[in-house]
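Hi everyone, thanks for coming.

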Amino acid sequence: MTAQILDGKATAAAIKSELTARVAALKARGVTPGLGTLLVGDDPGSRWYVNGKHKDCAEVGIASIQRELPGTASQEDIEEVVRELNANPECTGYIVQLPLPKGIDTNRVLELMDPLKDADGLHPMSLGRLVLNEPGPLPCTPYGIVELLRHHGVAINGAHVVVLGRGITVGRSIGLLLTRKSENATVTLCHTGTRDLSEQLRQADIIVAAAGVPHLVKPEDVKPGAAVLDVGVSRDGEGKIVGDVHPGVAEVAAWISPNPGGVGPMTRAQLLVNVVEAAERTTSAG
Ligand SMILES: Nc1nc2c(c(=O)[nH]1)N[C@@H](CN(C=O)c1ccc(C(=O)N[C@@H](CCC(=O)O)C(=O)O)cc1)CN2
């Protein structure tokens with residue numbers, strides 16, 4: 001039997017529709033949420049993601065503040081824009097699109113952001129709050145994965161989740177979300193140094209593949225009935241996405257996220273959730 005689809009496009013559309021009403025309520029109270037983005041360089045993928053984020057904002061009524069720097073920008077040039085966004089009252093939350101060009105100290109840039117305006121959940125303060133289980137913005141892709149599973153009724157409570165990849169946007173933080181009492185999963189984090197990866201994968205009720213290695217997860221690595229989320233973005237000769245999950249996995253798994261159309265749209269939707277939640281927190285505190 002072929003796996004059921006974890007439909008990121010449809011789930012993101014439902015989230016955006018609910019957010020439209022929440023943004024309207026904020027505006028009625030005199031608050032207009034505004035998302036800022038900083039794009040450095042001319043990577044076509046990053047540009048597409050940033051443009052998508054602004055298109056989403058327009059759809060739900062969030063204002064947009066777009067900043068761009070060339071790939072030759074210095075650390076100081078980037079930090080100057082970060083300071084400007086920190087000070088800009090129209091920008092209630094913002095992101096610095098990653099990765100930044102080689103030679104730029106990404107951690108220093110993230111640390112300089114106003115943590116109250118961190119829309120990505122990647123500021124050290126936000127990651128610390130996640131460790132301490134305090135409210136704050138959550139990293140968008142891990143948050144999107146949890147919501148995608150919940151929306152489709154895939155059991156997380158008690159599940160053994162195997163994560164592939166230790167990058168900053170997914171692998172490092174998803175275990176923190178999934179092991180909270182509210183999610184209650186058990187998480188194994190695998191990476192390029194993991195011995196006998198197939199054996200680890202075969203134990204999993206849920207696999208999150210975010211290694212960036214085309215078709216790394218093969219049908220024989222997957223326990224029948226597992227849920228498999230494909231976060232990998234590699235490109236073939238024609239520029240088409242090749243995920244981390246082999247297409248044959250759909251014949252073994254019970255659930256699979258398409259790629260494109262799975263985790264990517266959820267990443268975008270959860271960014272909007274972070275922006276709206278931050279604006280709501282500010283108004284309820286004020
Ligand atoms: N500051 C950040 N940088 C990056 C993040 C992030 O969360 N914050 N995540 C990724 C890129 N990303 C968002 O920024 C992102 C990736 C993919 C998608 C998406 O919708 N993809 C489509 C396919 C698009 C294509 O054809 O290329 C899909 O999956 O359907 C949205 C956002 C790294 N950087």
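Let's begin at Pro-260, which sits in the loop between β11 (255–256) and α9 (263–285). Helices (H or I, at least four residues) and strands (E, at least two) are DSSP runs here, numbered from the N terminus. Asn-259 and Pro-260 are joined by a cis peptide bond, with omega about 10 degrees.

A quick word on the source: this is a predicted model, where local features need pLDDT of at least 70, side-chain atom pairs count only at pLDDT 80 or more, and totals for chains, interfaces and linings use all residues. Residues are numbered from 1 along each chain as its sequence is written.

Another cis bond runs from Leu-98 to Pro-99, with omega near 5 degrees. Pro-99 belongs to the loop between β4 (93–96) and α4 (106–112).

Now for phi. Most residues other than glycine have a negative phi, and most peptide bonds are trans. Asn-184, not a glycine, has a positive phi of about 65 degrees, and its loop lies between α7 (171–178) and β6 (186–190). Is Asn-184 buried, exposed or partly exposed? Partly exposed, because it has 13 C-beta neighbours inside 10 Å; buried means 20 or more other C-beta atoms within 10 Å, exposed means 12 or fewer, and partly exposed is in between, with C-beta atoms placed from the backbone. Asp-196 also has a positive phi, near 50 degrees. Asp-196 is exposed, with 9 other C-beta atoms within 10 Å.

Stepping back, the protein chain has 9 helices and 11 strands, and buried residues make up 42% of its 286 residues.
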